[in-house]
Amino acid sequence: QVKLGGRCGVQVFAPGMHDRVLGQLEMETALRRGFSQQEFVLHYQPVVQLERGQIVGFEALVRWQRPGVGLVSPGVFIPVAEESGLIYPLSQWVLGTACQQLAQWRTLRPDLTLAVNVSGRLFRRVNELVSQISQTLHRCGLPPQALVLEVTEGVLMADPQTVGDALSQLRHQGVQVSIDDFGTGYSSLGRLQGLPVDCLKIDRSFIQQMTQGGELVRAIVALAVTLNKDVVAEGIETPQQLALLQSLTPLSKIYGQGYWFARPLSAAAATALLQQPQPWGKP
Ligand code: C2E
Ligand code: MG
Ligand code: MG
Ligand code: MG
């Protein structure tokens, strides 16, 4: 039973709530310390063009190597970073690190792209976001087209005006924009048409359902094509899922990501993969 601000000013919390608040505080403190101690690392997961089966880019995914705990997933600490404001310096670090890596990779593969995930919080400081991105690209000598920003459908739909305006500005500079976890965020189809985005990333849950015929994935791909956008299918885990996706058209606009190709990899492992043959073309 939660009873906040009781008559005599005593606050009674439900059992467990005390622990949760403490747990949150403790993690916030550990996160801050971890950030200053450089405990964060980026992993990179390839994005594969499904027609030729080649790697065309990577998505940067942040991890926290927490001493005594191991690798902590972003699903756990990003919400705490957002609550505490640490998301601003953390995101700047992610962007800078990812762009440096990309500049290095582009000496091997000049057309390679890199996607970074953008927290909804960053749209509360739009000017800072826009100038940080253009400064980072400039500093790393990257053309804006090399960078893809991933914004979830949920974030976009929560404030289409603010987020849409910011994305328009960024796209105007040449940066690409993807809607992440597409299909989970209740976009109205009417709104979708005018959205300033280049690509829809179909949420993993739809790829998992494909054994039942894949009608939803087909429909989303058809929608994307109609709107003249690329599609990335995320969470491809089996050759059956890949085969079904490779039966869709126009395959040149369909991309895939998932454990079937590679898990998110360290920078060194991703570099090695890039230099190996990529045998995932349409049979
Ligand atoms: P997301 O952007 O949708 O990233 C895809 C997630 O699916 C990643 O989890 C990835 O490891 C996982 N995944 C990829 N392929 C497969 C597959 O075939 N099967 C399964 N079961 N999973 C697959 P991860 O790395 O734990 O990231 C979770 C979420 O955390 C991301 O979802 C993204 O929203 C957020 N995130 C990650 N890095 C950052 C970051 O630098 N900044 C912000 N703001 N958010 C981040
Ligand atoms: Mg993403
Ligand atoms: Mg996603
Ligand atoms: Mg996701």
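**Exercise 1: a charged side chain**

Leave aside neighbours within four places in sequence: which residues does arginine 106 contact? Then find its place in the chain and its polar partners.

Solution. This is a predicted model.

- Step 1: the contacts of arginine 106 beyond four places in sequence are Asp111, Leu112, Leu142, Pro143 and Ala146.
- Step 2: Arginine 106 sits in the loop that runs between helix H3 (87–105) and strand E4 (113–117).
- Step 3: look for a salt bridge. The cut-off is 4 Å from a side-chain nitrogen of Lys or Arg to a carboxyl oxygen of Asp or Glu. For arginine 106, the nearest side chain of opposite charge is aspartate 111, 5.6 Å away. Arginine 106 is buried, yet has no salt bridge.
- Step 4: check the backbone. A polar atom of the arginine 106 side chain lies 2.8 Å from the backbone oxygen of leucine 112.

**Exercise 2: the magnesium site**

Which residues coordinate the magnesium ion (ligand 2)? Trace where they lie in the chain.

Solution. 

- Step 1: list the donors. They are Glu59 (OE), Asn117 (OD1), Glu150 (OE) and Asp180 (OD), at 2.0 to 2.2 Å.
- Step 2: read their spacing in sequence, E-x57-N-x32-E-x29-D.
- Step 3: take one pair. Asparagine 117 is in strand E4 and glutamate 150 in strand E5 (residues 147–152), so the pair links distant parts of the chain, 33 residues apart.
- Step 4: Asparagine 117 is partly exposed, with a relative accessible area of 35%. Glutamate 150 is buried, at 3%.
- Step 5: The magnesium ion (ligand 3) is 3.8 Å from the magnesium ion (ligand 2), and aspartate 180 coordinates both.

Definitions and conventions
Residues numbered from 1 in each chain as written. Chains lettered and ligands numbered in written order. Predicted model: local features only at pLDDT ≥ 70, side-chain atom pairs only at ≥ 80, totals over all residues. Heavy atoms only, no water. Helix = DSSP H or I, 4+ residues; strand = E, 2+ residues; numbered from the N terminus. Buried < 20%, exposed > 50% of the residue type's maximum accessible area, 1.4 Å probe, protein only. Lys, Arg positive; Asp, Glu negative; His and termini not counted. Polar contact = N/O pair within 3.5 Å; in protein donor to acceptor, adjacent residues only side chain to side chain. Contact = heavy atoms within 4.5 Å. Donors = N, O, S within 2.8 Å, 3.2 Å for Na, K, Ca; no water.
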